[in-house]
Amino acid sequence: MHAYMCCRRNKRTKDAARAFEHDQERLLFEIFHALREGTYQPQRAICFVVTRPRPREVWRSTFRDRVVHHFYFNRVAPRFHASFIADSCASIAGRGTLYAAERLEHHVRSCSQNWARPAYYLKCDLANFFVAIHKPTLRELLAKRIREAWLMELGDRILFHDPREGALMHSSPAMMALVPPHKSLLNQSADRGLPIGNLSSQFFANVYLDVLDQFVKHRLHCKHYVRYVDDFVLVHESAQWLNEAREQIEQLLAERLSAKLNPTKTILQPVERGVDLVGQLLKPWCRRLRPRTVSHALARVATIDDADLWTTANSYFGLLTQATHSHLDRAHLANIIRGRGHAVNHSLTKTYRGDHQ
């Protein structure tokens with residue numbers, strides 16, 4: 001029941017959640033029986049393409065399977081989270097984008113002594129991360145901390161389930177073609193790739209990259225390091241040390257995780273030029289939302305339908321308030337909202353519905 005309550009949180013208005021809630025007692029008993037008897041099998045997934053910020057496939061499991069994912073996560077995640085480093089972010093309670101941005105700012109300030117001395121950063125991104133994850137390697141990592149046979153069996157059913165089998169395609173062939181072939185799960189071998197969109201995939205990704213985290217912290221002895229999913233940043237006073245660290249990281253990824261860095265997204269430069277992570281740009285004494293994101297927010301709020309303006313505007317206000325120097329950006333957003341007949345509070349953090357709604 002706890003897994004079901006976690007799964008439906010903030011989703012009770014969705015059609016799938018409503019349909020499940022209509023007959024929840026019977027459906028939850030069926031899940032319980034299938035898990036107890038070891039007969040649970042994932043159902044057909046739904047595949048569709050999203051285009052922002054770039055085209056990518058999303059594989060949505062049924063609500064029933066998402067309840068099972070939450071059940072598995074609640075059982076095994078705490079034992080892994082206890083061993084994760086403090087700078088491993090994403091899909092961990094209290095460690096979202098704001099946490100990652102603040103940790104990065106802390107490390108940059110510490111290394112540069114509050115911007116008083118030179119420091120450099122190395123930012124890296126793994127190439128085609130989710131579709132390139134090697135499942136047998138991931139299973140070995142899971143087995144080190146999961147001793148219960150039934151939990152390992154359930155994990156295997158989730159991990160090795162191929163969502164492509166019988167999948168329902170909810171995007172047109174033209175939309176599917178927007179996804180580059182090397183980034184599509186449809187083109188991967190059976191032993192590689194996790195479906196983007198599942199809680200289980202996010203958890204598995206953190207377990208997979210904990211190997212990298214432990215290596216950077218305990219083998220490279222890098223004090224200033226932050227990772228958010230497959231984006232990670234190392235900060236050091238020596239650019240040469242960072243270059244050598246990159247070579248060792250590339251070797252580790254190839255030997256242990258069958259992964260590699262994206263060369264087009266590997267950046268080594270002084271921190272005063274700005275460090276871009278989780279949509280925020282960190283510069284001396286300033287942390288703002290990425291300019292491209294701000295421009296997109298202003299353009300969208302200016303053209304979106306009236307019915308969606310209130311929720312969209314408040315979402316952008318929430319995003320902007322995470323940055324320490326966002327007053328000017330919030331003022332621009334507020335001017336557009338006021339021009340469309342809505343009120344904004346004095347601190348520029350919230351909008352209210354207009355009288356016409």
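This is a predicted model: local features need pLDDT of at least 70, side-chain atom pairs count only at pLDDT 80 or more; totals for chains, interfaces and linings use all residues.
Me: Is F80 buried or exposed?
Reply: F80 has a relative accessible area of 3%. Buried means under 20%, so F80 is buried.

Me: Which residue forms an edge-to-face aromatic pair with F80, 5.5 Å centre to centre?
Reply: The planes of the two rings are 80° apart, and over 60 degrees counts as edge-to-face. The partner lies in helix 10 (residues 199–218), whereas F80 lies in helix 4, so the pair ties together parts that are 123 residues apart in sequence.

Me: Which residues join F80 and F203 in a cluster linked by ring pairs?
Reply: The structure holds 12 aromatic pairs. Ring pairs link F80 and F203 into a cluster with Y72, F73 and F204.

Me: How many residues apart in sequence are the parts tied together by F129 and Y208?
Reply: These two form a tilted aromatic pair, 6.5 Å centre to centre with 45° between the planes. F129 counts as buried at 5% relative accessibility, and Y208 counts as buried at 1%. F129 lies in helix 6 (residues 129–132) and Y208 in helix 10, so the parts they tie together are apart in sequence by 79 residues.

Me: How are helix 3 and helix 4 oriented to each other?
Reply: The axes of helix 3 (residues 24–37) and helix 4 (residues 63–81) come within 11 Å and cross at roughly 55°. Helix 3 passes helix 4 in a right-handed crossing. Angles under 35 degrees count as roughly parallel and 65 to 115 as roughly perpendicular, so a crossing of roughly 55° makes the two helices oblique.

Me: How many charged residues does the contact of helix 3 with helix 4 have?
Reply: Helix 3 makes the contact with L28, I31 and L35, and helix 4 with R64, V67, V68 and F71. By class, six are nonpolar and none is polar. The number of charged residues is one.

Me: Where does V278 lie, and where does W285 lie?
Reply: Neither is a glycine, yet V278 has a positive phi of about 50° and W285 has one of about 60°. V278 is partly exposed at 22% relative accessible area, and W285 is partly exposed at 49%. V278 is found in the loop between strand 9 (275–277) and strand 10 (280–283). W285 lies in the loop between strand 10 and strand 11 (286–289).

Note on methods:
Residues are numbered from 1 along each chain as its sequence is written. Side-chain values use heavy atoms; hydrogens and water are left out. Axes are lines fitted to C-alpha atoms, for helices over the stretch in contact, and angles run from 0 to 180 degrees between N-to-C directions. Helices (H or I, at least four residues) and strands (E, at least two) are DSSP runs, numbered from the N terminus. Angles under 35 degrees count as roughly parallel, over 145 as roughly antiparallel, 65 to 115 as roughly perpendicular and the rest as oblique. A crossing is left-handed if the near helix is turned anticlockwise from the far one by less than a right angle, and right-handed if clockwise. Contact means heavy atoms within 4.5 Å. Ala, Val, Leu, Ile, Met, Phe, Trp, Tyr, Cys and Pro count as nonpolar, Asp, Glu, Lys and Arg as charged, and the others, Gly among them, as polar. Rings of Phe, Tyr and Trp (its six-membered ring) pair if their centres lie within 6.5 Å; planes under 30 degrees apart count as stacked, over 60 as edge-to-face and the rest as tilted. Buried means under 20% relative accessible area, exposed over 50%, partly exposed in between (1.4 Å probe, protein chains only).
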